[in-house]
Amino acid sequence: MDASFVLFLLDGIVFGLILSLIAAGLTLIYGLAGVLNLAHGELLVICTVTAAVLLQSINVPLPLALVAGVLVTVASSVFLEKVVLRPVYRLEGEERILLGLYITLAFSIFLHGALITSFPLAFLTINLPVPSLDFMGLTVRTAQVITGVASAAVLVAVYVFLKNSWGGMAIRSLTQNEVGALIVGVSVKRYRLIVFMLGAFLVSLAGIIRSVVATVAPESGIEFTILGLLVCVVGGIRSVYGTIVAGLVIGVVYTFLVVFIGTYLAYVALLIFIMALLLVRPYGIVGERW
Amino acid sequence: MVKTRLIALIVLVAVYAVIPLLFLNTPYVVFILAQMAFFTIFAYGFNFLFGFSRQLFLCIGAFTGIGAYITGISLRDGLMGPVEAVLLSTAAVAAVGWVVSFLSVRRKLVVIFTGIFTLAITLVFNNLVIGLANVTGGETGFRIRGISLGPLDALPYNLRYYYVAIATVLAITVISYYLLFHTRTGYAYRCIMDDEISSELVGINVARVKTLTALLSSAVLGFSGAQYALFSQLIAPSYFAFASVDLPVQIIVILGGRASLLGPYIGSAIIAVVNEALKFLGPLTQVLYGLTLMLLLAFFRNGIVDFVRRKLFPWFF
């Protein structure tokens with residue numbers, strides 16, 4: 001229990017919040033549209049790559065580049081929902097889930113190939129001009145604290161939106177019972193689009209926040225997808241609250257594993273940890289059936 | 001019925017035996033054919049897992065890779081002879097596949113869970129191979145020396161492995177045909193393909209059939225992965241990456257037709273030709289693969305075999 005322990009814990013919490021942002025979008029989309037979006041991590045990369053390209057090539061100011069990145073990401077997710085996933089919605093039940101999984105996998109492969117061949121050097125790193133703080137003998141990077149607070153604020157906002165606003169209630173009702181929601185006059189099509197846009201917005205925020213604490217490479221999309229999916233599975237795939245908890249757990253565990261046994265083996269250990277967790281609680285740590 | 005299928009099989013064997021002989025002067029074509037044969041086996045493994053028993057295993061590359069690395073490492077370090085190494089790879093991959101399937105089937109997890117889980121296995125395999133660089137050679141991999149295949153040694157190098165792979169896949173086809181249409185398990189299979197819950201209700205042990213399939217398919221994947229390692233002689237992570245094994249295999253299975261015995265042959269032949277024709281695109285091939293897979297899923301989900309069966313020759317089947 002020394003100084004670096006606290007710093008690793010902070011690292012882990014920030015990473016966990018980022019994972020929660022990714023997984024919250026996945027959960028919402030899966031709950032409402034019945035599509036497990038395997039292209040979610042690539043959406044994150046679209047945002048960072050767009051921003052990085054704008055910054056590197058035509059010197060756009062940083063905030064503008066980030067806004068452009070978010071907009072491009074949201075536009076791609078609208079394209080995904082309206083064009084790519086069109087055949088999926090004609091199916092029902094397990095067939096729909098399977099085809100949705102497959103088509104988004106194909107879409108993510110397509111995006112991955114396109115991104116790494118066209119912009120192989122579009123790494124995004126944002127250096128916030130804030131000093132490091134000395135706090136009880138520890139050197140804490142302020143940027144990290146800011147990112148942590150920012151992602152927590154976004155997550156709280158999402159939670160409040162789902163809990164209290166009319167749109168949030170409509171989304172929750174569609175997730176629970178599509179037919180019932182339709183009868184009381186909630187449009188599935190409209191909220192499906194909204195949820196996809198919301199998911200893309202959250203994931204692009206996650207990308208931006210990630211690029212403050214680390215560099216986001218154009219090929220790292222699949223990694224974020226898988227981590228996000230693992231968070232979803234651990235959190236119970238229908239519960240946003242569960243994904244937030246699971247994101248924190250996985251973020252902290254993963255960071256400590258990286259510190260103690262190295263990056264490559266950390267994945268192996270993380271997967272074993274998750275397997276064990278799922279054998280004890282097969283429906284996630286919050287325990288909702290899916 | 002049996003007679004027509006027997007004739008079809010003999011024609012298949014004859015065609016596959018003769019084709020490479022036409023290209024004896026161009027070893028490159030034979031090399032492509034050998035690779036095609038190996039991908040047919042991989043596709044067979046995936047077809048059985050996904051097509052027949054609805055278990056979405058997105059770790060075909062990892063499974064073949066495990067087989068290849070076990071064989072490669074034991075041959076490089078002289079731990080055992082080639083036969084034992086191949087057998088060990090087969091057994092090891094079969095065990096891994098069985099465990100994965102057991103976990104997902106016994107816990108009653110839906111198809112997406114298996115998908116996520118196996119995708120994570122792919123990631124873990126890649127990280128493990130790169131992370132344990134002192135054993136596996138890391139990113140660049142390692143080389144092994146070629147081994148003797150007995151009487152086949154008289155043939156040119158690529159042709160040897162072409163025949164090994166083709167013999168394997170034809171044997172698998174015959175065995176699975178027999179299993180599917182002449183045994184109780186085969187009937188169970190065809191029931192599960194139609195409706196899982198109803199088959200459970202009539203007393204079929206769905207979990208047993210699924211785990212058994214995973215065991216056998218993974219054994220096939222481990223065996224063919226080991227053979228593939230012997231064939232390529234270079235074992236590197238990029239050979240068994242998601243993009244270089246799983247992706248083509250999925251296109252082959254969906255293009256050829258899920259849950260059909262002939263599908264992988266047709267799919268892999270088409271993919272081999274298309275792949276060569278588009279070689280000039282270089283790294284853009286992946287973009288094209290993604291696009292193809294998307295279009296296939298949207299408009300041609302049932303594959304060529306089903307198309308032919310329904311539209312062109314309904315009288316034959």
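Colleague: Let me start with one residue: is Asp77(B) buried, partly exposed or exposed?

Modeller: Asp77(B) is partly exposed, because its relative accessible area is 45%, and that class lies between the cut-offs of 20% for buried and 50% for exposed. Please keep in mind that this is a predicted model.

Colleague: Which residue forms a salt bridge with Asp77(B)?

Modeller: To read a salt bridge, look for a side-chain nitrogen of Lys or Arg within 4 Å of a carboxyl oxygen of Asp or Glu. Here the partner is Arg76(B), with the closest N and O atoms 3.0 Å apart. Arg76(B) is partly exposed too, at 33% relative accessibility.

Colleague: How many salt bridges are there over all chains?

Modeller: There are three. Another one joins Lys210(B) to Glu196(B), where the closest N and O atoms are 3.3 Å apart. This pair links distant parts of the chain, 14 residues apart: Lys210(B) sits in helix α10 (residues 206–232) of chain B and Glu196(B) in helix α9 (residues 196–201) of chain B. Lys210(B) is buried, with a relative accessible area of 10%, while Glu196(B) is partly exposed at 27%.

Colleague: And in chain A, which residue pairs with Lys82(A)?

Modeller: That is Glu81(A), and their closest N and O atoms are 3.9 Å apart. Lys82(A) counts as partly exposed at 35% relative accessibility, whereas Glu81(A), at 3%, counts as buried.

Colleague: Now for the nonpolar side chains. Which residues have the most contacts inside the largest nonpolar core?

Modeller: In soluble globular proteins, nonpolar side chains tend to be buried together. In this structure the largest nonpolar core has 191 residues, and Phe42(B) and Leu56(B) have the most contacts inside it. Helix α2 (residues 27–52) of chain B gives the most to this core, with 17 residues.

Colleague: What does Phe42(B) touch?

Modeller: Leaving aside residues up to four places away in sequence, its contacts include Ile60(B), Leu221(B), Tyr228(B), Val245(B) and Val249(B). Thr64(B), Ser224(B) and Gly225(B) are also among them.

Definitions and conventions:
Residues numbered from 1 in each chain as written. Chains lettered and ligands numbered in written order. Predicted model: local features only at pLDDT ≥ 70, side-chain atom pairs only at ≥ 80, totals over all residues. Heavy atoms only, no water. Core = buried A, V, L, I, M, F, W, Y, C linked by side-chain atoms within 4.5 Å. Buried < 20%, exposed > 50% of the residue type's maximum accessible area, 1.4 Å probe, protein only. Helix = DSSP H or I, 4+ residues; strand = E, 2+ residues; numbered from the N terminus. Contact = heavy atoms within 4.5 Å.
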